[in-house]
Amino acid sequence: MLSEGKKIPAFSAPDETGKVRNLADLSGPKGLVLYFYPKDNTPGCTLEAQGFRDHLAEFKRRGFAVAGVSKDSQASHCSFIETQGLTFPLLSDPEGKLCEAFGAWGEKKNYGKTYLGIIRSTFIIGAGGKVLKAYTKVSAKGHVEKVLADLA
């Protein structure tokens, strides 16, 4: 997992429209809040996306843009954006390269089973490309408010 103070790896990934995006494309004046989530249209991921949607104006006032990342397809992202009224980009990482580069891919446990998957994580990335704050093993409920509080 990338830790605070570390420079993020250079990345590019397609958004829901197929446009290839990178840090410079996505960032606000002060940086980017990049969050990794397991799957479109699941309860926890929907709750988290709604939180970012509902507080997006506050992130923008603080100079930060928001983008989400999952392994879902662009078509799935389009449906998720439309259904939830999201107004920020979702990056498609079907091979998991971006997830791995940020350390958001690893072993998970659910109902006694162990498997590999996306570890719900969020990174506040400064304009210079360094991690200002890293959140690992995030709980969807209340997470967005915690990120906003840390940006205050």
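A: Exposed means over 50% relative accessible area, buried under 20%, partly exposed in between (1.4 Å probe, protein chains only). Helices (H or I, at least four residues) and strands (E, at least two) are DSSP runs, numbered from the N terminus. This is a predicted model: local features need pLDDT of at least 70, side-chain atom pairs count only at pLDDT 80 or more, and totals for chains, interfaces and linings use all residues. Residues are numbered from 1 along each chain as its sequence is written, and side-chain values use heavy atoms, without hydrogens and water.

Q: Which residues of α4 are buried?

A: An α-helix has 3.6 residues a turn, so residues three or four places apart point the same way. In α4 (residues 74–84), the buried ones are His77, Phe80, Ile81 and Gln84. They share one side of α4 because their arc around the axis is only 100 degrees, taken from the directions from the helix axis to the C-beta atoms.

Q: What covers the buried residues of α4?

A: The cover includes α2 (43–54), β4 (64–70) and β5 (90–92). Contact here means heavy atoms within 4.5 Å.

Q: How many aromatic pairs are there?

A: Rings of Phe, Tyr and Trp (its six-membered ring) pair if their centres lie within 6.5 Å; planes under 30 degrees apart count as stacked, over 60 as edge-to-face and the rest as tilted. The count is 10. One of them, Tyr35 with Phe88, is edge-to-face, at 6.1 Å centre to centre and 65 degrees between the planes. Tyr35 lies in strand β3 (residues 31–36) and Phe88 in the loop between α4 and β5, so this pair ties together parts 53 residues apart in sequence.
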